[in-house]
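Dear colleague,

Please find below the structure that I am handing over to you. My notes on its contacts follow directly after it.

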Amino acid sequence: MVADRETLFTWLDEVMDPEVPVLSVVELGIIRDVEIEGDRVTVVVTPTYSGCPAMQVIEEEILAALRAKGVTDARVRTVFTPAWTTEWIPEHARAKLEAYGIAPPGRATSDTLVQIGRRAELLRCPYCKSTETEVRSAFGSTACKSICWCRACRQPFEQFKAI
Amino acid sequence: MTVAAALAPAYARYCQQLGDDRLILGHRVSEWCGHAPILEEDIALANIALDLIGQATFLLGRAGAVENAGRDADALAFLRDDRAFRNALMVELPNGDFAVTIVRQFFFASFSRLQLEALTRSPDTEMAGIAAKALKEATYHVRHAAEWVVRLGDGTEESRQRAQDAVNDLWRYTGEFFLTTSEERALAAEGLAVDPATLQAEWERSVRDVLTLATLTTPATSWMQRGGRDGKHTEHLGPLLAEMQVLPRSHPGASW
């Protein structure tokens with residue numbers, strides 16, 4: 001056996017999301033499992049968004065990180081169930097996001113009822129901490145972020161959107 | 001799950017059909033990149049196109065796996081001719097003005113959301129997982145399009161007229177979403193497909209609610225266009241495929 005499960009998770013926790021380099025792939029919640037069979041390590045990953053172009057880079061970085069630790073037979077397997085949700089991002093990672101300048105996601109609901117208009121949700125500016133904010137567009141520089149505006153410090157900022 | 005051998009060819013074609021709707025619409029929407037009326041919409045439409053193409057990649061990948069003939073998602077997307085595509089005619093139509101694009105997004109996403117919601121209960125666990133992920137995306141696609149339908153419809157005289165024209169022009173293409181093919185009926189009996197006819201009433205209700213909010217008139221249901229599910233397309237699909245497929249066909253196996 002190359003390493004135990006806990007050690008493998010520690011190594012994976014050093015692989016950063018290429019688009020949000022303050023979060024590791026473990027903190028992002030996309031590492032669902034690690035399977036160890038002799039010398040072979042299979043990392044079970046779930047995609048964030050169907051079209052997220054970073055997923056391929058993330059897979060390559062996971063494999064590179066494991067090989068650098070001496071895992072000779074590292075593989076990645078993709079699973080779809082259960083579907084990724086921002087609820088899997090832990091509190092300490094949310095604090096890192098905010099410190100980095102990205103407002104953390106609010107609560108994701110499984111409610112598939114489509115509401116017209118913005119939901120009233122407390123959104124705190126990561127710079128000045130004011131809640132005098134608004135979502136300008138649900139779509140931002142990457143699939144996972146919205147464009148927001150702070151009326152207090154008059155700066156645009158991004159929010160990791162709840163899904 | 002392994003699909004019963006007798007159903008596999010039909011199920012592979014059904015997965016292709018699900019993928020084709022999203023691939024062709026995703027390609028069309030991507031044409032807005034760099035051309036949308038405002039920056040936020042340029043970003044939004046590019047994001048939506050990416051979601052649709054991502055969903056298509058998974059669905060065509062599933063189609064290839066079920067077919068078990070060595071074709072992956074890329075082979076299905078880039079190496080089939082127009083007659084082998086099973087997408088609904090609406091998604092291959094040119095983008096038109098912003099109102100046409102938004103109304104088409106609204107009509108399709110409203111359908112897609114209901115279809116995906118039902119597919120989350122598929123006995124094919126791979127499909128159920130793909131659908132559960134795509135459903136989250138389709139839900140915010142509906143919200144985005146519906147908010148714009150209301151803004152345009154309940155906006156200026158000009159935006160209202162354009163939105164109403166788009167609704168009137170595209171309405172005749174909505175019937176095809178709900179046509180049940182004989183293969184779909186057989187697959188639906190096994191729970192592997194959703195009989196789209198069962199989604200029609202809910203689609204019409206949700207669409208009518210938003211059009212009413214937008215002060216737009218829902219057209220009376222009349223004669224409907226059809227053909228896409230049988231591979232009989234409009235003259236617009238060929239040029240779209242030529243642009244989409246040229247690179248992998250001219251340079252087989254190219255990577256960059």
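Predicted model: local features only at pLDDT ≥ 70, side-chain atom pairs only at ≥ 80, totals over all residues.

On the side of domain 1 of chain A that touches domain 2 of chain A, 5 residues are nonpolar, none is polar and 1 is charged.

The domains in question span 5-78 (domain 1) and 100-160 (domain 2), and their centres, taken over C-alpha atoms, lie 28 Å apart. Domain 1 of chain A brings 6 residues to the contact and domain 2 of chain A brings 7. Together they bury about 570 Å², with carbon and sulfur atoms giving 83% of that area. Glu19(A), Val20(A) and Tyr49(A) account for 61% of what domain 1 of chain A buries there, more than any other three residues.

Turning to the two chains, 29 residues of chain B meet 27 residues of chain A. The area buried between them is about 2,400 Å², 65% of it on carbon and sulfur atoms. Of the area that chain B buries against chain A, Lys133(B), Lys136(B) and Arg143(B) supply 24%, more than any other three residues. There are 0 salt bridges between the chains, but 6 residue pairs are in polar contact (both at pLDDT 80 or more).

On chain B, α2 (39-67) and α6 (125-153) each supply at least two residues to the side touching chain A; α6(B) gives the most, with 17 residues. That side of chain B comprises 13 nonpolar, 7 polar and 9 charged residues.

Yours sincerely

Conventions
Residues numbered from 1 in each chain as written. Chains lettered and ligands numbered in written order. Heavy atoms only, no water. Contact = heavy atoms within 4.5 Å. Buried area = accessible area lost by both parts, 1.4 Å probe. Salt bridge = Lys/Arg side-chain N within 4 Å of Asp/Glu carboxyl O. Polar contact = N/O pair within 3.5 Å; in protein donor to acceptor, adjacent residues only side chain to side chain. Helix = DSSP H or I, 4+ residues; strand = E, 2+ residues; numbered from the N terminus. Nonpolar A, V, L, I, M, F, W, Y, C, P; charged D, E, K, R; others polar. Domains from an automatic or database assignment.
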